[in-house]
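This report describes selected residues and their surroundings. The sequence and structure are shown first, followed by the findings.

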Amino acid sequence: MANTIKTNTRRKRFADRFHARLSVFSRPATGFVSQPEPRTIGSFARGRQLIAGNFMFAGFLVEAPNVSIWELPSPDRRFEQDLHGFTWMDDLAAVGDGEARKRVQAWTNEWIERYSGGTGSGWTPDITGRRVIRWINHALFFLNGQDAKVSQAFFGVLAQQTVFLSRRWHGAAAGLARFEALTGLLYAGLSLTGMERHVKPAMKALARECVDQIDTEGGIPTRNPEELLEVFTLLTWAASALSEAGRMPAREHLQAIERIAPTLRALRHSDGGLARFHGGGRGLEGRLDNALATSGVRAQVNTGLSMGFARMHAGRTSIVIDAASPPMGVAAPEGHASTLAFELTSGRRPLVVNCGSGATFGESWRRAGRATPSHSTVTLDGFSSARLGKRRMIGGHQLQCLESGPNNVVANRSSGQEGVQFSGEHDGYLQTHGLVHQRHLDLSFDGRGLSGTEVLLADTSKAKRRFDVHMDSGKLSGIPYSCRFHLHPDVDAEVDMGGTAVSLALKSGEIWVFRHNSTAKLTLEPSVYLEKTRLKPRAAKQIVLSGRAMDYATRVTWHLAKAQDTPSNIRDVEPNEMPKL
């Protein structure tokens with residue numbers, strides 16, 4: 001199997017290189033038929049960093065003032081791919097001054113000189129699609145003040161990339177990569193002279209991908225909220241570009257947008273950020289709300305699950321719960337063992353979180369971030385509720401996919417006069433310990449109080465026998481469990497004098513208090529917060545309720561309530577060694 005995957009990867013790379021070089025002989029475009037309104041949003045701060053010579057991509061920082069972006073040492077393949085995707089163009093365009101324009105022009109011209117012959121790692125369908133969108137969006141910014149020779153070369157290479165996409169878009173992995181390739185092809189077909197013939201095939205292929213990849217709940221196979229936002233953004237861009245050109249997007253295309261919008265709203269916290277599950281982050285500031293507004297889809301209330309997630313909302317409090325099995329296999333290489341984990345945000349301040357994806361900090365952090373102890377839920381004896389399989393070559397990287405986990409996940413959300421309730425259960429520990437985990441959450445109608453009950457249950461004769469085996473092997477000392485609540489780094493947490501409660505101070509001045517009513521031991525321990533936009537993991541804390549399951553049914557109850565509005569000092573802590581999956 002491993003040899004077959006490696007062989008297929010080599011074949012794809014060979015085909016990409018072959019068609020990239022063949023596309024050199026395509027007929028060049030001479031200009032724009034029409035140019036879609038630029039919709040890519042860059043970061044002014046990142047643009048200023050680029051001008052200063054601070055290049056941060058894929059979690060790596062390279063400091064190289066007055067050095068071309070194409071002469072930087074590449075610490076990782078993802079770093080190099082980010083460069084070739086030209087998303088940095090958005091950041092420099094956000095600055096928009098003479099220095100920013102100078103770099104856009106110099107670095108784009110240098111790319112044309114170095115790589116237009118079909119060489120370099122940037123000739124893959126998804127990266128080429130990403131690059132074409134940026135070149136078209138920021139063409140006027142780049143061409144301003146350039147001579148005719150530069151303009152001719154620019155349009156010639158744009159046409160070359162369009163032909164490459166028309167031949168190789170199907171070589172992109174199904175999902176986000178293929179949506180990027182097809183959106184780039186559609187943009188180019190609508191915008192460039194002589195490329196109109198690619199519009200209809202791109203529209204047809206995009207419609208087919210919408211049917212194949214967007215399910216009836218408006219979700220995608222990876223269950224990654226941030227990736228869903230990226231797909232949604234591409235689809236809204238493509239629909240807008242078609243409408244501006246006087247064309248009607250395919251019905252399947254528009255229906256996919258209509259299905260995704262309510263799902264993204266369900267995954268949105270009250271501060272405008274996305275829930276961080278299965279490799280996804282919060283998303284760029286304001287991008288989610290901008291994409292939802294651009295789509296034109298009216299707000300809808302989804303009372304069921306959205307891409308396997310349940311949302312609870314009352315007052316200024318929002319909670320998002322992973323209420324389904326994690327994504328398995330090569331279609332979802334970044335799946336996390338996070339079933340029944342939740343995140344909670346109060347107003348504009350995240351309170352309870354998951355550690356997040358450690359992919360940009362190396363393989364050890366990637367593995368740690370995927371483990372159940374890195375999520376706000378119950379773990380047994382250091383185990384995860386899902387387990388990794390063998391390493392596989394996926395997208396040019398050696399990755400491990402989840403290949404076993406909960407077979408049965410039950411979830412129910414309801415609401416009444418007193419608030420919103422959630423009940424869930426998974427059997428991720430049934431095979432290893434003979435126990436299922438049940439979680440019951442009750443959010444008050446004003447959003448000021450959340451009550452939780454955790455139950456570890458052996459409810460069948462077979463499960464009880466397996467539980468007894470563990471009890472005997474441990475000399476009847478019980479099965480260790482931990483119920484974890486990871487806190488955002490900006491939360492100042494402190495255990496009270498009696499050790500029975502934890503006060504949680506937010507930067508907004510809100511005070512929340514965590515209490516429990518069980519035999520479990522309450523401790524405040526180090527944790528980390530993993531963000532792809534930062535160079536290092538951020539130190540944080542976690543509340544841990546730990547104990548031992550001694551009977552066929554073990555119950556832990558806890559309560560999190562808003563107390564008063566007083567400020568509190570925030571202290572830094574060092575991250576501990578993260579658990580393994």
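## Surroundings of G358

In this predicted model, G358 is in contact with W365, R366 and L530, once its neighbours within four places in sequence are left aside. The residue lies in the loop that runs between β6 (349-353) and α14 (363-370).

G358 has a relative accessible area of 1%. Because buried means under 20% relative accessible area, G358 counts as buried. A further spatial relation involves K536: the C-alpha atoms of G358 and K536 are 9.8 Å apart, while the two residues are separated by 178 residues in sequence.

S385 is placed in the loop between β7 (378-380) and β8 (387-394). With a relative accessible area of 1%, S385 is buried.

Which residues is S385 in contact with, leaving aside its neighbours within four places in sequence? The contacts of S385 are A337, T339, T372, G405, P406, H426, G428 and Y429.

How many disulfides does a search of the whole structure find? The search finds zero. For a pair of cysteines to be counted as a disulfide, the sulfur atoms must be within 2.5 Å.

Are C210 and C483 buried or exposed? C210 is buried, its relative accessible area being 0%. C483 is likewise buried, at a relative accessible area of 1%.

Technical notes. Residues are numbered from 1 along each chain as its sequence is written. This is a predicted model: local features need pLDDT of at least 70, side-chain atom pairs count only at pLDDT 80 or more; totals for chains, interfaces and linings use all residues. Side-chain values use heavy atoms; hydrogens and water are left out. Buried means under 20% relative accessible area, exposed over 50%, partly exposed in between (1.4 Å probe, protein chains only). Helices (H or I, at least four residues) and strands (E, at least two) are DSSP runs, numbered from the N terminus. Contact means heavy atoms within 4.5 Å.
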